[in-house]
Structure formats: structure tokens, C-alpha cells
Amino acid sequence: METRDDQAWVALMPLAELPTDGTGRAMESGGRQLAVFHHEGAVRVLDGVCPHQGALLGDGVISRGEVTCPFHGWHFDLETGKSGDGLPECVEVFESRVSAEGWVECALPSIGA
Ligand code: FES
């Protein structure tokens with residue numbers, strides 16, 4: 001998988017920290033709040049701040065390909081970041097992968113890009 005010139009792959013955590021399908025974690029990297037999920041055998045990395053009132057989406061629950069915000073229940077698609085409630089708000093989804101060493105990595109915009 002190639003990244004744009006203004007992106008860099010960043011190692012976030014060992015996949016072993018998300019051992020069970022359907023688990024997630026809120027974390028910070030490169031000055032960004034991220035939501036990292038293990039979903040259906042793959043990893044997904046989204047902007048971690050809910051656009052409604054700022055809850056950490058990494059603390060949300062995954063069901064049917066969406067994360068449910070822990071505060072007021074808005075839903076966001078793990079593939080597209082679009083609202084599952086038909087709202088215009090969405091969250092950014094970053095390219096992600098698991099390295100040969102078993103680390104969850106994602107492509108974040110480079111500092112200064
Ligand atoms: S803060 Fe996420 S739905 Fe309200």
C-alpha cells in the first residue's frame with residue numbers, strides 16, 4: 001500500500017493490545033487523538049474525537065461495521081467515517097495496516113504538511 005507524499009506510516013501499538021475482534025482503543029499520536037479498532041480481522045484507524053461533543057470514539061462500541069459514540073450514541077462507519085445516522089458530520093479514516101512485526105500502523109499526514 002502506497003501513501004501520499006505528505007503522509008508517513010506511524011506505528012501505533014502492537015496488535016496484541018487489541019487481541020479480540022471488536023475491541024478498540026483511544027490513543028494519541030503525532031498530536032492527534034485517534035480511535036483504533038480490531039474489526040473482522042483487520043485494523044481501522046479513525047479520527048478519535050466525536051464531532052458532536054468531543055467524546056473519544058476509541059471508547060465506543062463496534063457493531064455492524066460502525067462505532068457507536070459512548071456519549072450520545074452517534075454512529076460512524078469504520079470504512080468511510082460517514083455518519084450512520086444520516087447526519088452530515090463524519091470522521092476521517094486513515095489508511096492502516098499490521099506490520100510484519102505485528103504492529104498496528106497508520107498513514108498520518110506528515111508534520112508540516
Ligand atoms: S459526543 Fe458523540 S454523540 Fe455526542
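## Exercises on strand pairing in a predicted β model

Strand β9 (residues 96–98) runs antiparallel to β10, and three bridges join the two. The model is a predicted one, in which local features need pLDDT of at least 70, side-chain atom pairs count only at pLDDT 80 or more, and totals for chains, interfaces and linings use all residues. Numbering starts from 1 along each chain as its sequence is written. Strands (E, at least two residues) and helices (H or I, at least four) are DSSP runs numbered from the N terminus, and two strands pair if DSSP finds at least two bridges between them.

**Exercise 1.** Describe the surroundings of β10, beginning with the bridge partner of R97.

*Solution.* 
- Step 1: R97 has E105 in β10 as its bridge partner.
- Step 2: The hairpin of β9 and β10 has four residues between the strands, and G102 there takes a positive phi near 85 degrees.
- Step 3: β10 (residues 103–109) also pairs with β1 (residues 7–14), in the antiparallel sense and over seven bridges.
- Step 4: W103 in β10 stands opposite P14.

**Exercise 2.** Characterise the hairpin that β2 and β3 form.

*Solution.* 
- Step 1: β2 (residues 24–29) and β3 (residues 32–39) are antiparallel and share six bridges.
- Step 2: Two residues lie between the strands, and G30 in the turn has a positive phi of about 60 degrees.
- Step 3: Among the bridge partners in β3 are F37, for G24, and L34, for M27.

**Exercise 3.** Determine which strands stand at the edges of the open sheet.

*Solution.* 
- Step 1: The open sheet has four strands, paired antiparallel in the order β2-β3-β4-β8.
- Step 2: β2 and β8 (93–94) each have a single partner strand and stand at the edges, so one side of each is left without a neighbour in the sheet.
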